[in-house]
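Here are some notes for a colleague who is opening this entry and would like a guided reading of it. Please keep the sequence and the 3D view at hand while going through the points.

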Amino acid sequence: MRSVVAVVLIALIAAAGLAGCGEKPNVTVYKQGKYQGKPDNVPWQSAPFNNNQVEWEKAIKARNNGQNEYLRAGS
Amino acid sequence: MARMKFLCDAERCIECNGCVTACKQEHEIPWGVNRRRVVTLNDGLPGEKSVSVACMHCSDAPCMAVCPVDCFYKTSEGVVLHDKDLCIGCGYCFYACPFGAPQFPQDGAFGLRGKMDKCTFCAGGPEADHSAAEFKKYGRNRLAEGKLPACAEMCSTKALLGGDGDVVADIFRTRVLTRGRGSEVWGWGTAYSKPETQRPPQPGAKS
């Protein structure tokens, strides 16, 4: 009877000691989700560019360079 | 074409709020929503600096990662946009954003939050280009008209630059070399230093 109690006690202590080994990582790792909404089109698809990507890029480039006053002043 | 970026030159910003006004006027933004604002550091002290802040359209946008309904997407030009029909106004993106860009208009009684609103780089949203629905939800689509954001184009001192990242960086580099100081760009590293796609975490890494 005594030995049975001792075995049960040892088993309980071992179980309690091993319970700490089940630790899970606590830091959340965010994963990039997949877009669930409506699809959008490219900026050059509609008027005034009507699918002409080259013209659109030319217009954007001109506007981009318009921000450079060194270029505008010709210095 | 490279991806679209914003750059604010703190040496030039005179805190005129022209960018804020241009944005408000262009998209008819309601009262209480500020897609763009000017922040002044050390206000009133010698050497104070002002920077114009809005959504920076980050390379690895944290708002996209935390959105529980995945309403964010990135266009081929690197502009971070969202679908307002999906947004539930939870505010997670606001907590994740290092620039405080997401705005929540008051919707109904008891201070209920409406759907998130933010800078679109004047690129509209997922509605038909130049449609009434697009203007109502996201504002004007200047990019589809071959124009750059109104705030950058309106800036009187050209402190705020917006457009193709390579061109914008070139303009700024020329300025810094010419004046010989002020090479720090507020928010540039936070927004664009991370790669477009994150590497998978190492095995055993905490985050």
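The points below go from confidence to each chain, and then to the contact between the chains.

1. Confidence. This is a predicted model, and it scores ipTM 0.87 and pTM 0.84. For chain B the mean pLDDT is 92, with 96% of its residues reaching 70 or more.

2. Overall form of chain A. Chain A has 3 helices and 0 strands, so that its elements, taken from the N terminus, run α-α-α. Its radius of gyration is 34 Å, well over the 11 Å that the globule rule gives for 75 residues, and chain A is therefore more spread out than a compact globule. Along the principal axes, the C-alpha atoms of chain A fill a box of roughly 100 × 40 × 15 Å. Buried residues account for 13% of the 75 residues in this chain.

3. Overall form of chain B. In chain B there are 7 helices and 6 strands, and along the sequence they follow the pattern β-α-β-β-α-β-β-α-α-α-β-α-α. The radius of gyration of chain B is 17 Å, which agrees with the value near 17 Å that a compact globule of 207 residues would have. The C-alpha trace of chain B spans about 50 × 50 × 35 Å along its principal axes, and 41% of its 207 residues count as buried. Among contacts in chain B between residues at least 6 apart in sequence, 56% join residues at least 24 apart.

4. The nonpolar core. The largest nonpolar core has 56 residues, of which Cys8(B), Cys19(B), Phe72(B), Val80(B), Phe121(B), Cys151(B) and Leu160(B) touch the most other members. Leaving aside residues up to four places away in sequence, Cys8(B) touches Cys13(B), Val51(B), Ser52(B), Ala159(B), Leu160(B) and Trp186(B).

5. The contact between the chains. Here 31 residues of chain A are in contact with 38 residues of chain B. Helix H2 (53-66) and helix H3 (69-73) of chain A each supply at least two residues of the side of chain A that touches chain B, and H2(A) gives the most, with 7 residues. By class, this side of chain A has 14 nonpolar, 11 polar and 6 charged residues.

6. Where in chain A is Gln36(A) found? Gln36(A) is in the loop between helix H1 (2-18) and H2 of chain A, and it counts as partly exposed because it has 13 C-beta neighbours inside 10 Å. Not counting residues up to four places away in sequence, Gln36(A) touches Val69(B), Asp70(B), Cys71(B) and Leu86(B). The C-alpha atoms of Gln36(A) and Arg72(A), which are 36 residues apart along the chain, are separated by 44 Å.

Technical notes:
Residues numbered from 1 in each chain as written. Chains lettered and ligands numbered in written order. Predicted model: local features only at pLDDT ≥ 70, side-chain atom pairs only at ≥ 80, totals over all residues. Contact = placed C-beta atoms within 7 Å. Helix = DSSP H or I, 4+ residues; strand = E, 2+ residues; numbered from the N terminus. Nonpolar A, V, L, I, M, F, W, Y, C, P; charged D, E, K, R; others polar. pLDDT = per-residue confidence, 0-100. Core = buried A, V, L, I, M, F, W, Y, C linked by C-beta atoms within 7 Å. Buried ≥ 20, exposed ≤ 12 C-beta atoms within 10 Å, placed from the backbone. Rg over C-alpha atoms; globule rule 2.2 N^0.38 Å.
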